[in-house]
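Trainee: I would like to learn how to read a few features of a protein model. Could we go through them slowly, with the general idea before each case?

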Amino acid sequence: MDAANEAGHATAEAAKAMRESDPGHAPAPNTPQFTKDEDLHAYHEMLLIRRFEEKAGQLYGMGLIGGFCHLYIGQEAVVIGMQMASVEGDQVITGYRDHGHMLACGMDPKGVMAELTGRRGGYSRGKGGSMHMFSREKQFFGGHGIVGAQVSLGTGLGFADAYRKNGQVSMTYMGDGAANQGQVYESFNMAQLWKLPVVYVIENNRYAMGTSVARASAQTDFSKRGISFGIPGEQVDGMDVRTVREAAARAIAHARSGEGPYILEMQTYRYRGHSMSDPAKYRSKDEVSKMRDEHDPIEMVRKRLIEAHGVPEAELKATDAKVREVVNESAEFATHDPEPDPSELWTDILLEARA
Amino acid sequence: MATDILMPALSPTMEEGKLAKWLKKEGDAVKSGDVLAEIETDKATMEVEAIDEGILAKILVEEGAEGVKVNTPIAIIAAEGEDVAAAASGGGKPKANGAAAEPPAPTPDMQAEGQAAQSAPTAKTADDTPNAPAAPAVITTKARAEVMEDYPAGTEMVTTSVREALRDAMAEEMRKDDDVFVIGEEVAEYQGAYKITQGLLQEFGARRVVDTPITEHGFAGIAVGAAYTGLKPIVEFMTFNFAMQAIDHIINSAAKTLYMSGGQLGCPIVFRGPNGAAARVGAQHSHDYSAWYSNVPGLKVVAPYTAADAKGLLKAAIRDPNPVIFLENEILYGQTFPVPKLDDFVVPIGKAKVHRTGKDVTIVSFSIGMTYALKAAQALAEQGIEAEVIDLRTLRPMDTATVVESVKKTGRCVTVEEGFPQSGIGAEIVARLMVDAFDYLDAPVLRVTGKDVPMPYAANLEKLALPNVAEVVEAAKAVCYR
């Protein structure tokens with residue numbers, strides 16, 4: 001291991017220690033509780049993302065998915081908890097680690113997987129790829145590959161909601177890396193100035209590609225990033241879907257009521273590398289396995305379902321099987337669906353102007 | 001020693017203004033800082049302050065006078081102890097070495113070398129050259145038969161500045177469609193940095209005329225996000241130089257999304273503002289981005305010259321379901337042209353216009369480049385060369401057919417633009433002609449462009465950096481082997 005990586009470890013450890021010593025991060029004495037149905041729903045939704053991403057990783061390894069592919073494994077509780085607190089019509093927009101958000105919005109796994117393999121049945125007819133999928137129907141606005149760009153765009157979704165007075169809220173996601181982009185603060189300023197209904201969700205998975213938060217950020221408490229604009233924020237245990245949903249409900253209510261934007265720093269973790277080609281040498285295997293073993297968002301729900309809600313293991317196994325089937329079907333579709341017709345090269349560049 | 005007070009320039013491109021009001025009268029003592037008069041342009045009202053102490057000996061331009069040229073003496077100040085009557089009778093003439101330092105000529109030099117700069121361009125036909133703003137409107141309603149117009153023959157024409165035409169286009173579209181709104185710096189309360197959005201706030205309110213902080217990257221992204229949902233933003237950049245801060249959203253977020261979404265998510269948005277050189281504003285405020293934007297699939301790029309085209313094309317741009325880059329020119333803002341008086345005058349994007357017909361050589365230009373092209377055509381006509389002048393109007397999609405059609409007739413072509421030569425619009429036209437008109441060319445196509453240097457500040461250097469009429473004439477004669 002070279003010196004730079006060693007330094008990375010040291011600072012990552014320091015950041016972790018700092019985070020854990022932060023009283024704000026200690027499990028709240030009264031952690032919100034889920035009903036059995038809510039836990040079952042969360043379990044199913046998170047598991048779908050997990051299995052889907054594992055399959056995507058597999059297909060990538062087989063050469064069926066090309067280019068960049070950023071997996072969401074480990075972060076599932078964030079988007080699922082957020083979606084559990086939002087209502088139909090609310091918009092979602094995120095960066096490049098977007099497969100989980102699409103599934104959480106209810107987009108068809110077949111269409112998402114077929115886009116990953118670049119086939120005609122993909123959401124973008126094979127022309128977008130992993131980072132560029134959209135669904136007007138599900139109010140999912142991408143899928144953006146330029147880090148931080150989605151923050152201004154998501155603020156624009158909120159601008160449109162305010163313009164139309166439609167009562168909708170824009171859920172604008174970004175990572176801890178994007179949170180250092182200049183346009184994020186331009187957006188914060190205007191969102192608060194104009195009281196736009198935007199919830200900024202900063203998914204702090206501790207690493208912007210290979211750079212730990214401590215090495216990149218002067219202020220590592222991302223919930224404070226809106227202070228100078230007067231935007232309220234809070235740090236949330238992003239591994240626990242219940243705390244995510246509770247904070248999301250608060251933030252969304254604030255935004256929907258016309259009081260302006262809200263920042264949620266979701267403290268989460270990605271198990272995989274930044275992208276498929278990242279060996280993740282900037283962190284120790286122990287760090288990853290400790291998180292997986294002790295804080296896995298899906299395992300926590302599973303345990304709760306069995307121990308607290310008395311759900312028989314067989315029922316969960318049936319859910320597992322069902323999810324696997326959906327994912328396998330999507331992979332099957334994505335590997336057999338034809339590539340786009342060559343004529344597709346020249347379509348969708350411009351829309352016809354209406355007379 | 002008596003001092004002349006000269007009509008000041010309020011902006012680098014101001015050529016004339018109205019002397020709205022005198023606040024001092026003849027015989028009054030004035031001291032440095034006293035407000036002498038108020039002057040108005042179509043953009044703003046400003047106060048004229050005295051710089052020296054003395055007595056206001058004579059008022060040379062009465063209040064209410066319009067079209068007072070910049071640098072015209074408007075009053076005479078007699079110095080302390082000086083004979084006021086003598087001063088009043090002696091001043092008012094341009095001095096060879098006057099006490100009042102002559103401000104640098106604010107007018108951009110669009111004249112041919114050696115042409116009289118003060119003579120207002122006289123139009124052969126109404127749409128041939130811009131009318132000088134003060135000149136009585138000479139309006140020809142009958143279009144020349146061979147020049148295809150975008151409106152029916154006999155349509156009543158109204159003399160309108162490019163500035164007003166742009167404002168009218170926005171206002172008309174905003175009246176028709178609540179999804180259309182204007183966003184940018186100083187567009188609302190200030191009435192537009194160049195007064196293009198004058199009156200819009202008053203008519204449409206703050207919901208639809210949105211002042212932003214100075215934050216191009218952010219507000220461009222916000223507007224694009226709003227356009228994803230179907231709103232139709234008109235984003236005003238104070239100048240396209242500042243759009244460099246926002247170009248990621250223009251290219252990556254606006255232009256590419258329709259394609260990347262497989263046709264699901266369009267972006268109906270207009271990015272507009274002045275582009276290219278103004279006058280004496282230095283390299284960072286003088287860049288012409290025509291070629292840059294015209295390089296990008298997913299964008300439409302429009303660069304009008306006349307007020308009629310500015311209006312008709314902006315209306316088309318606002319209605320267009322795609323991102324449209326609308327490149328204006330600060331120097332053209334104040335120039336007037338006849339605009340058809342029609343309820344809904346729209347000029348289709350993507351069609352060039354034969355602005356002047358001729359058989360000997362084709363001159364292709366757009367935006368302010370047209371001023372060089374048209375003056376050169378006039379000069380060439382006097383030398384027996386009939387130039388056909390084509391205004392591209394839209395740079396992307398480029399109307400190659402109209403250019404090729406003309407070149408088939410003339411066999412010769414010169415392109416004119418203020419932008420840099422390498423990979424410019426002219427270079428693109430040359431490439432297309434090589435493929436589509438090779439057999440018709442009797443001479444290599446020549447380009448007249450801005451020089452391959454960052455824009456200098458010094459007046460003489462700036463003049464050298466920009467194209468001029470003489471260069472166009474020379475190029476046209478060269479391709480005609482004359």
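Mentor: Let us start at the surface, where M434(B), V435(B) and F438(B) form a nonpolar patch with about 340 Å² of accessible area together. Patches are made of residues with over 30% relative accessible area and no salt bridge, and nonpolar side chains (Val, Leu, Ile, Met, Phe, Trp, Tyr) are joined within 5 Å, like charges within 9 Å; a salt bridge is a side-chain nitrogen of Lys or Arg within 4 Å of a carboxyl oxygen of Asp or Glu. Accessible areas come from the Shrake-Rupley method with a 1.4 Å probe, and for residues only the protein chains shown count as cover. This is a predicted model, in which local features need pLDDT of at least 70 and side-chain atom pairs pLDDT 80 or more, while totals for chains, interfaces and linings use all residues. Residues are numbered from 1 along each chain as its sequence is written, chains are lettered from A and ligands numbered from 1 in the order written, and side-chain values use heavy atoms, without hydrogens and water.

Trainee: Why does F438(B) count as exposed?

Mentor: Buried means under 20% relative accessible area, exposed over 50%, and partly exposed in between, with a 1.4 Å probe and protein chains only. F438(B) counts as exposed because its relative accessibility is 52%. F438(B) sits in the loop between α12 (425-436) and β22 (446-448) of chain B, where helices (H or I, at least four residues) and strands (E, at least two) are DSSP runs numbered from the N terminus.

Trainee: Which residues touch the most other members of the largest nonpolar core?

Mentor: In soluble globular proteins, nonpolar side chains tend to be buried together. A nonpolar core is a set of buried Ala, Val, Leu, Ile, Met, Phe, Trp, Tyr and Cys residues joined through side-chain atoms within 4.5 Å. Of the 75 residues in the largest one, F237(B), F271(B), Y293(B), L392(B) and L433(B) touch the most other members. Helix α4 (residues 216-228) of chain B gives this core its largest share, eight residues.

Trainee: Is D348(A) buried or exposed?

Mentor: D348(A) counts as buried, because its relative accessibility is 15%.
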